[in-house]
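Please look through the model below. A short report on its packing follows.

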Amino acid sequence: MATERPLPPPQLRGAESGRELSHPGGRCRPGSGSLQISNQHNAGASTLEPTFFKMAEVDVNLDHVIPTTIIPTYWAKLLVAFVSFVCFAHSYDGDFVFDDSEAIVNNKDLRAETPLGDLWHHDFWGSKLSSNTSHKSYRPLTVLTFRINYYLSGGFYPVSFHIVNILLHCSISVLMVDVFSILFGGLQYNSKGRRLNLAPKSSLLAALFFAVHPVHTECVAGIVGRADLLGALFFLLSFLGYCQAFRESNKEGTQFSTFWVLLSILLSAIAMLCKEQGITVLGFNAVFDALVISKLNILEIVQKSIGWLKNGGLLFRLTLLVFGGATILYIRWRIMGTGPPAFTEVDNPASFAESIFVRAINYNYYYSLNAWLLLCPWWLCFDWSMGCIPLIKSISDWRIIALAALWFCLIGLICQALCSEDSHKRRILTLGLGFLIIPFLPASNLFFRVGFVIAERVIYLPSIGYCVLLTYGFGLLSKHTKKKKLIAATVLGILLINMVRCITRCSQWRNEDLLFTSALSVCPLNAKVHYNIGKNLADKGDQIAAIRYYREAVRLNPKYVHAMNNLGNILKERNELQEAEELLSLAVQIQPDFAAAWMNLGIVQNSMRRFGEAEQSYWTAIKYRRKYPDCYYNLGRLYADLNRPLDALNAWRNATFLKPEHTLAWNNMIILLDNTGNLAQAEAVGREALELIPNDHSIMFSLANVLGKSQKYKESEALFLKAIKANPNAASYHGNLAVLYHRWGNFDLAKKYYEVSLKLDPLAPGTKENYNLLKRKLEQLQTNSV
């Protein structure tokens, strides 16, 4: 690279580096040598200053938006970190909500008793990848961070989980300053290998747009969004690592470090082990290499498709990227069991449409809605499935306008990116579109079916491209208009509005009540929203309100078997057995392998005293879910009602084998053996249960009764007292301890505990009679003593 010496006479010298860029205006000063890697096709000495100026043109146009000279990078990063923290800090003390329950609270992979090696064979939700029900979401590194959170916090305390998510987003936002400085200003390193920021204003503004975008709330405030955060973090590290490969140059061309290229590929593999989208960084690195490092003009490539192959360095690096990506994908495919995940029509109805036209037009409509969420993130919803977005089935549907507008804008941007004479403009638009499109490809339904209609979390990485285009657009607008203050006010207004929206949206993610209720105004036709609200109400005991929401969910989606199952359960508890049976029968008719619905149908049939049908329903449930302890428990209850004690004991034993902490099954075995006079066997079962569940007061109570009948009074007394300490308000515990003292001859203590029991439950069966017997006994003893 030829440079100009600062001393007279002004002549050009070859292979000398006598100056360093100081600011966008192109002024030079004596200093250390530097390396420029830009998109200019003519990097000769006569065009060096215009080249620098063009690379920083956006910054010049943003003078009225960021009215400062050169902003030190560390101050810019501190500002971005502070703003991003303010936006999402309000979520730090939120609950586990929505998918957090399955991915974290109910995920056995987080617990210490699960071997660490199992994480590499299980999906994100803790299921075996080889299972037919697995979603094949392979994110072991994300699950590992959850496990570390669980270990350090000493249990499922959501605060520590939320804090990690907030800090991750702040870190990513800080990294965005470096990423945007490369996207807007290109690569230039000084002689010490330090990269120079040629676009400090535009990189700061774009990073602020990214840091405060409300569409990121799901990733930050929803703990399962950590997969997207970690995937994005390593995506960016992989990109920055790839840029590090180009820090040396000579007259023949740019030199690169194979080590950094391979490290970038390794980081992309780590990104993919956090979230599937991470692998797409290899595609973006290839685009960046072609445009910025190798200075290729895409339009010229199309016209002269063979000429670029002469660039051996580019070809070698692309080969490394392709080979690395193919290897990573093959290994992941093998781990997944070489089979795609199984999704249902309610997850992604467009992908099940028979007509290719209907599928294509709805996919494109989904793309336009994703674009709208980036442009106007006011209507946000935790779930966009289940009728939230009705299918477009005809060309006459007015929603066609949305996808037409999307492609009109995209084609316009693509034409500018390909055909503009300004190489700086071509580079920024192409990289912006690359960031917008490439990370979104796994969610596009183009290569495989995905399990959602729209998911705000998958827009986390594509929003980087949006921020590039938005910042560049404001730069152009500021250049061609005289109303500079209006532009500055608009930018400030967008940032403030987005910050407010982030804070309010974080509030909605603090608990499920607020989250689900907020979705009603966005997706009133979404059956899953009504289902989740109903489930929350049912958990709180408000059955009447829950029934209303469950009925609405079934009305909106007549095939919503989970809503039918839950509604049938509530109706069963309210003794509305006929409607409960109809709903559950319909559910298993729609989904014959729905084991929970078969079990609940059996419970209803048992309550209706149709024992034969109930038994058949239970066995059908076990057929579809072999490891189903609750179903074995209910089957045991059926056999006990039919006076088949051996069958009942076998069923309950199966339940405890599959679920050793199944308290109800253990208790029923003890009680059944006690009632049939098998005291020794009942005692053995009780002791076995107590070893497995040492702090369960109900098992202590049952075993204490057996020991009392076996005249092991001292041991029985100790268990009764321990059970009462654990559950002091149980009238039966006090009453049975009184009976023990009554038998033991300790009448004063018996009287005391009878009175406590009657105070807690004046209508306790048998207690009042036993108390009267004790009083007569005491009166008789008193008379005899006189």
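## Leucine 320 in H13

Leucine 320 sits in helix H13, residues 312-336. The model is a predicted one. With a relative accessible area of 16%, leucine 320 falls under the 20% cut-off, so it is buried. Beyond its neighbours within four places in sequence, leucine 320 contacts Thr258, Val261, Leu262 and Ile265. One of these partners, Leu262, is 58 residues away in sequence. The C-alpha atoms of leucine 320 and leucine 262 are 7.8 Å apart.

## The chain as a whole

The protein chain has 786 residues, and 52% of them count as buried. Its secondary structure comprises 34 helices and eight strands. Consider contacts between residues at least 6 apart in sequence: 65% of them join residues at least 24 apart.

## Nonpolar cores

The largest nonpolar core holds 221 residues. Which members touch the most others? They are Phe180, Leu183, Leu236, Phe239, Phe288, Phe382 and Ile389. Helix H6, residues 158-185, supplies the largest share of this core, with 12 residues. In soluble globular proteins, nonpolar side chains tend to be buried together.

Leucine 183 touches Phe239, Phe284, Arg427, Ile428, Leu431, Phe435 and Val468, leaving out residues up to four places away in sequence. Among these partners is a charged residue, Arg427. A second core is separate and has 12 residues. Its members include Phe96, Val143, Phe146 and Ile223.

## Where H5 crosses H9

Helix H5 spans residues 140-153, and helix H9 spans residues 226-244. Their axes come within 9 Å and cross at roughly 115°. The crossing of H5 and H9 is right-handed.

From H5, the contact uses Thr142, Thr145, Phe146 and Asn149. From H9, it uses Arg226, Ala227 and Leu230. By class, the contact has three nonpolar, three polar and one charged residues. Phe146 of H5 takes part in this contact and is also listed in the second core.

Helix H22 covers residues 561-573. At 1.5 Å a residue, its 13 residues should span 18 Å. The end C-alpha atoms are 18 Å apart, which agrees.

The buried residues are Val561, Ala563, Met564, Asn565, Asn566, Leu567, Gly568, Asn569, Ile570, Leu571 and Lys572. They pack against helix H20 (527-539), helix H21 (543-556), helix H23 (577-590) and H24. Asparagine 575 follows H22, and its phi is positive, near 65°.

## H25 and tyrosine 618

H25 has 14 residues. From first C-alpha to last, H25 reaches 20 Å, close to the 20 Å expected at 1.5 Å a residue. Its buried residues are Phe611, Ala614, Ser617, Tyr618, Thr620, Ala621 and Ile622. H24 and helix H26 (629-641) are included in what covers them.

Tyrosine 618 is part of H25. At 1% relative accessibility, tyrosine 618 counts as buried. Setting aside residues up to four places away in sequence, tyrosine 618 touches Met599, Gly602, Ile603, Asn606, Cys631, Asn634, Leu635 and Leu638. Tyrosine 632 lies 14 residues from tyrosine 618 along the chain, with their C-alpha atoms separated by 7.8 Å.

## Two loop residues with positive phi

Methionine 386 lies in the loop between helix H14 (356-375) and helix H15 (400-419). Its phi is near 55°, a positive value in a residue other than glycine. Is methionine 386 buried or exposed? It counts as buried, because its relative accessibility is 8%.

Arginine 609 lies in the loop between helix H24 (595-607) and helix H25 (611-624). Its phi is near 60°, again positive in a residue other than glycine. With a relative accessible area of 63%, arginine 609 is exposed.

How values were computed
Residues are numbered from 1 along each chain as its sequence is written. This is a predicted model: local features need pLDDT of at least 70, side-chain atom pairs count only at pLDDT 80 or more; totals for chains, interfaces and linings use all residues. Side-chain values use heavy atoms; hydrogens and water are left out. A nonpolar core is a set of buried Ala, Val, Leu, Ile, Met, Phe, Trp, Tyr and Cys residues joined through side-chain atoms within 4.5 Å. Buried means under 20% relative accessible area, exposed over 50%, partly exposed in between (1.4 Å probe, protein chains only). Helices (H or I, at least four residues) and strands (E, at least two) are DSSP runs, numbered from the N terminus. Contact means heavy atoms within 4.5 Å. Axes are lines fitted to C-alpha atoms, for helices over the stretch in contact, and angles run from 0 to 180 degrees between N-to-C directions. A crossing is left-handed if the near helix is turned anticlockwise from the far one by less than a right angle, and right-handed if clockwise. The expected span of a helix is 1.5 Å times one less than its number of residues.
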